[in-house]
Amino acid sequence: MLNKVPVFVAVLLLGCFTSTLRAAPSEIYLLRHAEKLTSKDKDPQLSPCGVAQAQAMAKLIPGSLATIYHSGYQRTRQTAQQIGLTQPSAKIDLYNAADLAHLVTRIQQQDAAVLVVGHSNTTPELVYLLSKLAAPVMTEQDYGVVYQLKQSEQGYSLFSFSIKQPSICLSSKT
């Protein structure tokens, strides 16, 4: 009986370690919301250009997402909804942009690909919190970039993909 206890403990610990390895998603996508309307409103909606950008960004995300997270602002929710149209099995879920540590914990407990629609200040911070990689620099005018954290044995690698700006965006700038 005494010999079986150490074996049981070893198997139990190995099971915990294995489940920890599987817990974090192998792919995490992060992006800043699409272009918002110019407004004094603190919670503006997407502009027509922004809707087109969100649709274009959806095409840059291969495969199937389990969850699409968005902050409580209209522009992130609307971006998530546009991308969700191409991801019918994805759950669209709200997160608190003031508590990114909690969001990181939620993401790390998943074992399928996720997307986080954030802001110019939260997206770079999330890249760092999730991967410990240097965060991309984003300005208030940066729209249309999808960041991918792809997991390997060495940790996450960071890739970025940019959309070709939709014609509606180009014509609205002139």
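Visitor: What should I know about the model and the numbering?
Guide: It's a predicted model, where local features need pLDDT of at least 70, side-chain atom pairs count only at pLDDT 80 or more, and totals for chains, interfaces and linings use all residues. Residues are numbered from 1 along each chain as its sequence is written, and side-chain values use heavy atoms, with hydrogens and water left out.

Visitor: OK, how many helices and strands are in the protein chain?
Guide: It has 6 helices and 6 strands, in the order α-β-α-β-α-β-α-β-α-β-β-α. Those are DSSP runs (helices H or I, at least four residues; strands E, at least two), numbered from the N terminus.

Visitor: And what share of the residues is buried?
Guide: 43% of the 174 residues, where buried means under 20% relative accessible area with a 1.4 Å probe, protein chains only.

Visitor: Switching topic: where is H119?
Guide: H119 is in the loop between strand 4 (114–118) and helix 5 (122–131).

Visitor: Is H119 buried or exposed?
Guide: H119 is buried, at 9% relative accessible area. Beyond its neighbours within four places in sequence, H119 is in contact with residues including R32, H33, Y73, R75 and T76; contact means heavy atoms within 4.5 Å.

Visitor: R75, which helix has that as a buried residue?
Guide: Helix 3, where T76 is also among the buried residues.

Visitor: What do the buried residues of helix 3 pack against?
Guide: They pack against strand 1 (27–32), helix 2 (48–58), strand 2 (67–70), strand 3 (91–94) and strand 4.

How values were computed:
Buried means under 20% relative accessible area, exposed over 50%, partly exposed in between (1.4 Å probe, protein chains only).
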